[in-house]
Amino acid sequence: MGIKTNENLLRTIGVFGLTSNIVNVIIGSGIFVLPAVVAAGMGASGVLAYLFCGILIASIMLCFAEVGSKITITGGIYTYIETVFGKYAGFLAGNLFLASVIAADAAVSNALVNILAAGYSIFENPLVRLVLLFTLFFGLALINILGVKQGLGLVKFFVVAKILPLLVLVIFGLWKVSLDNLNFEALPTIDQLGSTSLILFFAFIGGESALNVGGEVKNPQKNIPKSIFLGIGTVLLLYILIQIVAQGVLGDALKDQKAPLAETARQIFGHKGFVLLTAGAAISMIGYMSGTILNMPRVLYALSRDRVIPVKIFGKIHPKLKTPHWAILSYAAAGFILASLGSFTKLAVIATSAILLLYFGVVLSVIKLRYSQKINSGGFIIPGRLLVPLLSVGIIISFLLKLTFEEIIGTIIFLVILSVIYAINNSFKK
C-alpha cells in the first residue's frame, strides 16, 4: 500500500533553497566558540576531529537522503518514523523533535538578548527584553505565514549574512596563519578523538529539521539527496577552514578564548574585526531561529494532519497563502513562552539524547524500508547494501552510551509521560 504524496502545499523549493536551509540550521552560534573547545581537547591536531566527525555525520545523513527521497511529504523525521513504524512511534518522534528544538530556540533567543544587553544596558530591562523576544518570535512567524517563499527568502538572506563574515575571516586569515601553530608531533589518542568528536557531532546536527519542508520541495526524489550532500559538504569545508585559521593565528592561546573567532578577527583586522564577528554571532542566532520557525511548525502540522494529536486546527492550511498558519503561530507562541520564562533546563537536558533517538529511528526506518512493500523502490539508494545504516546504528549507540545518568533518566521520564498522553488520547478516540 502506498503512502500519501499529495498535500495542499506548493512545491516551490529547489536545490539551492533546500541546501541554504540545511546550512542555515546547522551553522548556528556554536561555530563562534567551537574552535576553542576543539583546541582544548586536541590542540593543533583538532582538524582531524572535523574529518572524523564529518564521516560520522555523513553516514547518518546518507540514511536521511534515502528515506527522504522516498517519503516526500511534509514532516521530516516525524513523517519518516510514523510512516514506517506507525502512529505511536510517530507520536513519540514528533513530540521529542518539537520539545528539543523549541528548547533550543528559547536558549538561542535568550543568548541573543544577552549579547545585546552586554553592549546596550537597555536590554537588561525585563519589559524591553520581553518586547524584543515577542518581536523576534512573532515577527519571524508572520514572515513565514505570508508564504514559504518569504520564509525561505529570509533563510537565504541569513545564510549569506552569517557566512559572509566567516568567509572574510577565512580568506584574509589564511594569509596570517603561522605554520608553526599548525604543527603537531603525535596523532591524537582514540579517547581524545572520541570525546572531541562527540562535541563536534552536535555542531553538525540540525540539518534534519530542514527536511521538514519535504512536501514543498520540487522533484524531491533527486533534490533532497543532492541538497543534503551539498549542505553537509559546505558546512564541513567551512568548519575545517575556520579551525585552521583560528589555530594558525592564535596558536596555543586559542584554547583559552571565550570568543575565539572574535579574538581571531581582532588579531587580523583590529577592533573592527572583533565587532564584525560579534555581529556575525548575533546574525547567526537570528538565522538559526528563522530556519526553525520555517521548518518545525511543519512537524506540528503533520502531527495534526495524520491525527496523531487531536488538535485539528494545527493541520489547517491558509486558503490563500498556502501555509500552515496556525501551526506556525502556535510554535512561535510556545517558543516565546519558554524564552520569556527563561527556565527550560529539563527540556534542554533531554534535547541531546532526544535527537540521537530520532536519528536511531530514521536509520532503522531505512533498514525496514529495504524489505517493505509499503512504498515503491524509486528514489536514492545508499551504495553498499546495509553497510552504512549498520555503521550509523553503531555510531548512535556509542554516543548514547556517553550520556550522563541524569540525561538518560530525564529522557525515560519524558517518554513515559508521552506514552501516557498517547494512551489517554487513544481511549478518548475509542
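Visitor: How are helices α12 and α13 oriented to each other?
Guide: In this predicted model, local features need pLDDT of at least 70 and side-chain atom pairs pLDDT 80 or more, while totals for chains, interfaces and linings use all residues. Residues are numbered from 1 along each chain, and side-chain values use heavy atoms, without hydrogens or water. Helices here are DSSP runs of H or I with at least four residues (strands: E, at least two), numbered from the N terminus. Angles under 35 degrees count as roughly parallel, over 145 as roughly antiparallel, 65 to 115 as roughly perpendicular and the rest as oblique, and α12 (residues 297–305) and α13 (residues 325–341) pack at about 125°, therefore they are oblique.

Visitor: How many residues of α3 are buried?
Guide: Buried means under 20% relative accessible area, exposed over 50%, and partly exposed in between, with a 1.4 Å probe and protein chains only. Helix α3 (residues 47–70) has 24 residues. It is largely enclosed by the rest of the structure, because the buried residues number 18 of the 24.

Visitor: Does Val25 count as buried or exposed?
Guide: Val25 lies in helix α1 (residues 15–26). Its relative accessibility is 4%, so Val25 counts as buried.

Visitor: How far apart in space are Val25 and Thr292?
Guide: In sequence, Val25 and Thr292 are 267 residues apart. In space, C-alpha to C-alpha, the separation of Val25 and Thr292 is 7.1 Å.

How values were computed. Axes are lines fitted to C-alpha atoms, for helices over the stretch in contact, and angles run from 0 to 180 degrees between N-to-C directions. The expected span of a helix is 1.5 Å times one less than its number of residues.
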